[in-house]
Amino acid sequence: MRTHLNTGITAVRNLGILAHVDAGKTTLTERVLYATGAIHKRGEVHRGTTVTDFDAQERDRGITIFAAAVSCTWDAHRINLIDTPGHVDFADEVERSLRVLDGAVAVFDAVAGVEPQSESVWRQADRHGVPRIAFVNKMDRVGADLDLAVASLRDRLHVVPLVVQLPIGREDGFTGVVDLVRMRTLVWAAGEDAGTEGPVPDALREEAQARRRMLEEQVAELHPAALDEYCATSALSPATLAAALRELTRTGEGVVVLCGTAYRNRGVEPLLDAVVAYLPSPADMPPVRGTLGEREQERAADPAAPLAALAFKVNATATGRLTCLRVYSGTLRKGDTVLDAGAGRTERIGRILRVQADRHAEVDRAVAGDIVAVVGLKGARAGATLCAPQAPLVLEPPTVAAPVVSVAVEARTGADTGRLSAALARLVEEDPSLAVRTDRETGQTVLSGMGELHLEVAVEKIRRDHGMEVGVGRPRVTYRETVVRGVSGLVYRHVKQDGGAGQFAHVVIDVEAMEASGDDASTGTGTDAAGTGGSFGFRSVVVGGRVPQEYVRAVEAGCRDALAEGPLGGHPVTGLRVTLIDGATHPKDSSEMAFRAAGRFALREALRASVMELLEPVAEVVVTVPDEAVGGVLGDLAARRGRVTGSSATRTGTTVITASVPLAELFGYASRLRGRTQGRGTFTSRPTGYAPVPAAVGADVRSG
């Protein structure tokens, strides 16, 4: 156990644990805490005794729901670790965590290899440029195969796996590993927590040398300095190999792969050594970039630089509001006054805490590279930049996905109505991927989130934390509308005279589907008003100054307003481009307000005249079922309007079916699948976008 701490910034590792649900992330985190001496008794997921799954719902359901930060030390390095959820409904927790991490350990099941959600979180890490190493877990399971798991990394993630270990023993006989960098073994005896190091035994020497040779060749192909040494000596020294592996990990050109079984506590210490050896410190990362007005600035990870920190998580606890921060530059001290750069207001730091899941240790300060929690912030939300008042800077906040599933919620008693509103507001503050609105037609309060389980957890949290009964309606998905065939030359004249200065705006617009509009330059493109990730484009081709530029921007703003409700059923509109082709002004009565109104009403009228199409959210579903139940499951998927895209048999008597299914058809699917497979079938799903709704179904949606 190596826990002496070096306080320099180069001795810090900020990393996350990423994986598909049930790959063993939380168990691995628990073993890391145990190996580093942060805890003295190992917790178990199935017993609800792990440190990071401290929420009552996490312990009841046996899955990670909320990203939990912990801190420990290993080999004179501080490791700030975030255990992230593996279920797709909580992908926003992963997104916010990745925004503040310098590295990650991706955990894969030695039997299943790359699974759907492990692929999704890998792509999320790609978008953030987070260096990763891979840990192939559950090497003691029946059917575990390191080579097949590594092949799935290569085939599905399109990476270059650099395997630095050779397993000793198979399945239940897995007892240790050969370290191919140092050419030493590490073996764990039954019932022992610490491994015993030794030389490579004769029975494994030939295979270990062959795999070391393969590793050297792979590294030499990717790393120029390693190639020079390999060409000169036909081999790589351990020091050269380790340095090259570190650099390839940082650049993402290669992925170091280790193996073990976290449940049996085998392979954890070599993984910690790899974290220290290969993953970057905050000092190794590029300076963080932010904006100040229109100018972009950089801040290096220097404790002496002006403060710049990003809030990535907010928790409302029994003792107050807890805000988790990543400090990118500068030093944060207890009692400091900081600026919330986005909101333009100052906040005072009450206390600074080193986080250990639901337990905290108070510290006097936090420096560049630290991940800590602070008490005392009254208004800072997730995504807020906290900086020195004399050196303001706005950092890019984590992106928030648009909700896809909604339910109506109401208090069971009138006395609880006000309490429910406050509880919902707190939920949204803690989880930005939740949204609350009031339905204008029914007056109902509608809670929207990323999936059925996401909403179940949110409602149960209200019940448990606030002690109130909440009624919940049937889940409904969020539909979209899009343009199939637009209109040209629609004229709208906005004239209003009610005493005093009037309003006058004259616009002529074209509306077309985004796919048909090409890549013309536009004055504004981006995410539509619904935030679906679909597109809206706007451009002006008005000549001769007939519509001044400030009025053009007002027309665009009005068009964006009109996207909130489409003509088919009041759903948000996406996937269109508007072109302002002509217009006219009045010397006295024209204003930005008038042209914004003209843009809004003109686009509404144009959409009513266009050929529109209803879109519904679609998910990729991966179903694992016994071979004898395949026929019934395929029939059920077809009845749910599913389109099967793949099917493959496994070595364990099961079949994996991949299908694209409308999200609206997946409500209640878990219980139906259990019934058809006698409890042996499982499935995972992840949203893949939107697709046209069949005419018959679309009529039901519009009438409903």
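A residue is called buried here when its relative accessible area is under 20%, exposed when over 50%, and partly exposed in between (1.4 Å probe, protein chains only). The model is a predicted one, so local features need pLDDT of at least 70 and side-chain atom pairs count only at pLDDT 80 or more, while totals for chains, interfaces and linings use all residues. Residues are numbered from 1 along each chain as its sequence is written, and side-chain values use heavy atoms, with hydrogens and water left out.

On the cysteine side, C72 is buried at 5% relative accessibility, whereas C231 sits exposed at 60%. With a disulfide taken as two cysteine sulfur atoms within 2.5 Å, the count is 0. For C72, the nearest cysteine sulfur belongs to C324, 16 Å away.

Salt bridges, meaning a Lys or Arg side-chain nitrogen within 4 Å of an Asp or Glu carboxyl oxygen, number 43. One of them joins D147 and R211 at 3.1 Å, N to O; D147 belongs to helix α5 and R211 to helix α6, 64 residues apart. Helices are DSSP runs (H or I, at least four residues), as are strands (E, at least two), numbered from the N terminus.

E216 is buried at 5%, and R212 is buried at 9%.

Then there is D370 with R354, bridged at 3.6 Å, N to O. D370 lies in the loop between β21 and β22 and R354 in strand β19, so the bridge ties together parts 16 residues apart in sequence.
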